[in-house]
Amino acid sequence: MAPDKPRPRQLALVALFWLAAWQGLAMALGHGGLFLATPLQTLQALAVQLPTAEFWHRIAFSALRILAGFGLAVVCGLALGAAGARWVWVRRLIAPPMALIRAMPVASFVILALLWVSSANLSVVVSFTHVLPVIYAGVLGGIADTDRQLLEMAAVYRLPLHKRLRYIWLPGVFPSFCESCIAAMGMCWKSGVSAEVIGLPDHSMGDALYRAKITLSTPDVFAWTLVIVLLSAALSALAARGLRRAKAALCGEVKA
């Protein structure tokens with residue numbers, strides 16, 4: 001049984017509770033928000049940065065590179081997932097590097113990646129590598145979950161390949177693929193910005209976050225963190241909506 005969808009009033013009460021808890025903890029720590037900025041200080045810091053060109057330049061710089069890594073991971077994940085499902089030797093060959101990427105800390109990989117690429121392109125490489133295993137596993141799982149009886153029936157009736165893709169493979173793979181993409185979107189932002197904090201490319205959000213930290217501008221740290229969280233959530237929601245629309249269009253389903 002699916003859980004009840006929370007009502008707007010309930011969501012508002014939950015938000016108010018946690019804002020009050022945040023405010024209370026910040027006041028308890030004291031020191032003018034040095035250790036924990038209040039919600040108001042965070043919004044004030046964000047309001048100061050919003051009208052500046054540098055703020056939007058940093059967002060564009062980081063977002064383009066992180067989303068480029070995400071897009072490359074989706075393309076490669078689809079290709080590798082399909083190949084791994086088709087040929088066992090491909091799946092066995094790919095398994096060790098996928099497991100290694102999953103286990104390796106982001107910081108360790110970033111330090112290694114700095115030996116190979118410039119800091120400006122670091123977030124592309126890091127977001128790509130850390131998202132790829134998630135997309136690959138989602139595609140592989142979706143193919144494995146596809147109804148074999150439908151495939152056998154399609155073979156018996158000699159259904160054309162394009163119809164098999166549209167009516168059998170796509171509906172079977174899309175649910176798992178969608179979930180992996182939504183999860184990967186949040187991961188790529190976290191790993192991409194973490195790479196920027198270590199590599200410190202100029203005009204990036206990670207560089208701004210690090211500069212705010214070393215100058216003890218805690219409200220700015222919270223403001224940039226809030227921006228990153230909101231961007232990640234918004235793009236995850238857009239990705240989910242776009243994937244549902246794509247499924248409806250490709251599989252001929254009626255959109256809810």
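The model is predicted, so local features need pLDDT of at least 70 and side-chain atom pairs count only at pLDDT 80 or more, while totals for chains, interfaces and linings use all residues. Residues are numbered from 1 along each chain as its sequence is written, and side-chain values use heavy atoms, with hydrogens and water left out.

**Cores**
- A nonpolar core is a set of buried (under 20% relative accessible area, 1.4 Å probe, protein chains only) Ala, Val, Leu, Ile, Met, Phe, Trp, Tyr and Cys residues joined through side-chain atoms within 4.5 Å.
- The largest such core holds 40 residues, and F70, I135, F177, W189, M205 and W224 have the most contacts inside it.
- At least two residues of this core come from each of α2 (39-49), α3 (53-86), α4 (88-103), α6 (122-145), α8 (161-199), α9 (205-214) and α10 (218-251); helices are DSSP runs of H or I, at least four residues, numbered from the N terminus.
- The most is given by α8, with 10 residues.
- A second, separate core of 6 residues includes F109, V110, A113 and A195.

**Individual residues**
- Beyond neighbours within four places in sequence, W224 is in contact (heavy atoms within 4.5 Å) with Q49, F55, R58, I59, M205, A208 and L209.
- V126, in helix α6, counts as buried because its relative accessibility is 0%.
- Residues up to four places away aside, V126 touches V106, F109, V110, S191 and A195.

**Exposed loop residue**
- L216 lies in the loop between α9 and α10.
- L216 counts as exposed (over 50%) because its relative accessibility is 58%.
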